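Thanks for coming, everyone. Please take a look at the structure on the screen, and then I'll walk you through a few parts.

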Amino acid sequence: MKHTKKYLGITFLFLCCLLGMPLFSQPLAQTDVPIERISRRQCSGTAMPYAYQQRKQSAPPAGYSPFYINHLGRHGARYLSSASKITPVLKILHNAKQQNMLTERGLEIDSFLTELSVQSENKWGKLTALGKEEQRNIARRMITNYPAVFDPIQGDSMTIFSISTSVHRCIESMESFTAELKSLNPSLIIHSESGTKFDSILRFFDCNAAYLVYKERGGWGKVYNPFVQQNTPVTQVQKALFVPGFAVPDNSLIDFSNKLFQIYAILPDMNIEFPMEDIFPIQDARRLWENSNLRQYLLKGPSTIGQGVPVDIAAPLLEDFLITAKQAIETDGICADIRFAHAETLIPFAALLGIPQASARIDNPQQVATSWQDFGIAPMAANIQWIFYRNASNETIVKVLLNEQEVFLPVTSDIQPYYRWDDLYTYYKRMVDALYQKDKIR
């Protein structure tokens with residue numbers, strides 16, 4: 001945050017930290033929903049609007065009070081990021097329409113998507129009204145749940161440092177979040193910045209050479225593509241939209257079905273109601289979600305085929321969490337460090353921390369959906385918070401929240417879900433140092 005070390009590339013996962021986790025009971029924020037119980041809303045995956053679940057939080061040990069929060073947030077609900085999904089879908093629909101080969105339902109879809117495309121001009125990727133509301137609500141709960149963090153101590157000013165990537169939806173998310181904090185506590189002093197200077201810690205997925213090579217031509221495609229070919233249901237899509245006899249190549253129909261579903265999945269973020277349950281029955285919706293979920297896992301998560309690259313690249317962000325926390329502990333008046341970035345930021349970071357539901361390593365692509373579920377890790381406005389507590393003796397402990405729910409970490413502790421700061425710092429500092437050393441950039 002105040003630290004923007006250039007991070008050039010980490011190529012292997014620090015396996016001893018992620019695989020050598022102690023065995024705990026079930027984490028407090030469990031997300032592995034049985035496939036047959038995954039809801040239509042959850043089938044939206046990372047496009048799912050943020051769904052806060054109020055649960056009782058574990059009381060800290062006697063004598064400890066919260067004083068500082070270290071936060072990473074994904075941007076809130078957004079419009080379609082680009083025309084890359086809607087254009088190829090419309091191309092096939094328009095072609096069928098010219099040949100009078102669309103059903104009545106197909107004509108409805110064609111008309112709706114044509115209008116949606118026009119309405120999306122100048123809005124591609126921008127934050128929606130819902131996205132702003134999501135951020136305001138998270139900020140409000142932060143102050144409500146941890147009021148002591150934002151109370152001045154002995155007249156000191158309470159300072160918040162807030163940064164975001166240069167992407168507009170992240171900037172708007174930051175503005176909505178910090179404006180809500182300020183409205184609830186006008187005495188807060190909030191320093192906000194955005195820009196490419198923070199890319200090394202918030203957009204490492206664009207800075208890391210090894211990752212860019214993996215994303216462009218890594219072996220993940222050899223796993224993903226056959227899975228999608230076999231797992232994509234097309235019968236109902238073809239029956240609902242096209243007149244019998246209209247020939248759509250198999251590959252085109254598979255791509256069409258997946259892209260149309262992804263458009264359908266993001267409509268709630270834009271507050272648009274356009275039912276497609278007849279086109280995507282729940283069983284089909286779950287399979288289409290499995291496709292997107294696997295892609296998220298292979299490109300951003302702890303898959304074995306990635307050899308750690310997609311996760312290791314979050315090391316600079318973890319280092320920044322350690323540096324900013326240490327500074328806040330040693331400096332009176334800093335009550336929060338807040339960052340706003342992307343799913344590509346949060347998913348690797350959650351895995352690097354060893355949060356159980358985010359760090360599962362699975363060899364068989366058929367089994368990914370049962371143990372790693374993107375909607376529980378990185379929905380719109382997803383967040384990770386480190387909440388710091390101390391007692392009269394200035395002993396510091398920490399608990400970590402994923403989407404405002406307590407989680408376990410692979411750090412030894414006799415006060416779970418709280419961890420002694422010295423233990424947590426030592427564990428993650430060794431991890432960061434080992435990752436840097438592997439790439440010989442220190």
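**The largest pocket**

The largest pocket is lined by 43 residues, and K85, Q262, R295, Q296 and K300 lie nearest its centre. This is a predicted model: local features need pLDDT of at least 70, side-chain atom pairs count only at pLDDT 80 or more, and totals for chains, interfaces and linings use all residues. Residues are numbered from 1 along each chain as its sequence is written, and side-chain values use heavy atoms, with hydrogens and water left out.

What is a pocket here? On a 1 Å grid over the protein atoms alone, a pocket is an open set of points where a 1.4 Å probe fits, with protein on both sides within 12 Å along at least five of seven lines; lining residues have an atom within 4 Å of a point.

What is the volume of the largest pocket? About 1100 Å³, taken as the space filled by probe spheres set on the grid points, which are joined across faces, edges and corners.

Which helix gives the largest share of the lining? α11, with nine residues. Helices α8 (209-217), α9, α11 (250-266), α12 and α15 (343-353) each supply at least two. Helices are DSSP runs of H or I, at least four residues, and strands are runs of E, at least two, numbered from the N terminus. By class, the lining has 15 nonpolar, 16 polar and 12 charged residues. Ala, Val, Leu, Ile, Met, Phe, Trp, Tyr, Cys and Pro count as nonpolar; Asp, Glu, Lys and Arg as charged; the others, Gly among them, as polar.

**A helix pair**

Now α9 (residues 220-231) and α12 (residues 282-300). Their axes come within 10 Å and cross at roughly 180°. Axes are lines fitted to C-alpha atoms over the stretch in contact, and angles run from 0 to 180 degrees between N-to-C directions. The two helices are therefore roughly antiparallel, a term for angles over 145 degrees. The contact of α9 with α12 has eight nonpolar, three polar and three charged residues. Contact means heavy atoms within 4.5 Å. Among those meeting are W220 and F227 in α9, and R287 and L298 in α12.

**Two buried residues**

L253 lies in α11. L253 counts as buried because its relative accessibility is 3%; buried means under 20% relative accessible area, with a 1.4 Å probe and protein chains only. Beyond neighbours within four places in sequence, L253 is in contact with V234, Q238, F242 and V248.

V411 lies in the loop between β7 (405-406) and β8 (418-420). At 2% relative accessibility, V411 counts as buried.

Methods
Parallel < 35°, antiparallel > 145°, perpendicular 65-115°, else oblique. Buried < 20%, exposed > 50% of the residue type's maximum accessible area, 1.4 Å probe, protein only.
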